[in-house]
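Please look over the sequence and the structure below before reading the report that follows.

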Amino acid sequence: MTRKRIVAGNWKMFTNHKTARELASAISEGSRDAAAAGVEVVICPPFPWLGLVAECLYQSHVKLGAQNVYPADEGAFTGEVSPTMLRDIGCRYVIIGHSERRHGLDERDDFINRKVHASLNAGLTVIFCVGETLEERELDLTESILNQQILRGLRGVQPHQLKDVVVAYEPVWAIGTGQTASPEQAQSAHAFIRQRIRRHLGSEADVDPLILYGGSVKPDNASALMSQPDVDGALVGGASLKAETFLPIIHAAITAAR
Ligand code: PGA
């Protein structure tokens, strides 16, 4: 069975009330052919715009995602947002383990693991990010870092839950730098991730996770990346902030799906 494809836009801490609405509508309008081609389009705006983007996406094929979550249903957690709140406002997806939170905000694997479980229990699909730093790559530690992030971050996830886990391989040195992993580097990391997840979390037969590539994906490199056999789509930061750059990436996924 062919795997579906996903192109997800991570808006990070960009956009305002007006541009968020315009961008969501332009993406929805411009990617109408995606669903029929087996390509799921996801956009992940900042928290304050989730409600208004949800309204813009009413009856759209484009799915809504959040960039973060706190691992509890409710409670005295000032400033945090729960997975059930995200579901309530219309989110289907949540990004967990992004390197800007792992490295910039010192989020650890065990906290990431709690977020994964809380989100799966609430019915969200998790976009689980992994990736090595430049130093780790140069020390030839890429596979051991990926292995560790997978084992710790997805600890306790059951094989039947893996259909709601999408992995994003995002080499830290490629995020926001304009320096993309080569298609061969991406393919090799993706094949490794697929094999690790199958071995550790499921039986070989019943687990076939979707694995997205992220890190300076642009219209001019998207096709080469997504034509690799183990690259099932893209998690896009900078280029997701303009319809003129995000829509060609979605169309590259549609072409690759054919
Ligand atoms: P970038 O970000 O496309 O701007 O490199 C990717 C990401 O952080 O998900």
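How many strands does the closed barrel have, and in what order do they run? The closed barrel has 8 strands, running β1-β2-β3-β4-β5-β6-β7-β8 with parallel pairing, where two strands pair if DSSP finds at least two bridges between them.

## Basis of the model

This is a predicted model, in which local features need pLDDT of at least 70 and side-chain atom pairs count only at pLDDT 80 or more, while totals for chains, interfaces and linings use all residues. Residues are numbered from 1 along each chain as its sequence is written, and side-chain values use heavy atoms, with hydrogens and water left out.

## The barrel

Helices (H or I, at least four residues) and strands (E, at least two) are DSSP runs numbered from the N terminus. Strand β3, residues 63-66, pairs with strand β4, residues 91-96, in the parallel sense over 3 bridges, and A66 stands opposite V94 in β4.

Helix α7 (residues 142-153) packs on the sheet and touches β5 (125-130) and β6 (165-169), contact meaning heavy atoms within 4.5 Å. The direction of α7 makes about 150 degrees with that of β5, angles running from 0 to 180 degrees between N-to-C directions of axes, which are lines fitted to C-alpha atoms, for helices over the stretch in contact.

## Helices α9 and α10

The axes of helix α9 (residues 219-226) and helix α10 (residues 243-257) come within 9 Å and cross at roughly 20 degrees. The two helices, α9 and α10, are therefore roughly parallel to each other, a term for angles under 35 degrees.

On the α9 side the contact is made by P219, A222, S223 and M226, and on the α10 side by T245, P248, I249, A252, A253 and A256.

Conventions: Angles under 35 degrees count as roughly parallel, over 145 as roughly antiparallel, 65 to 115 as roughly perpendicular and the rest as oblique.
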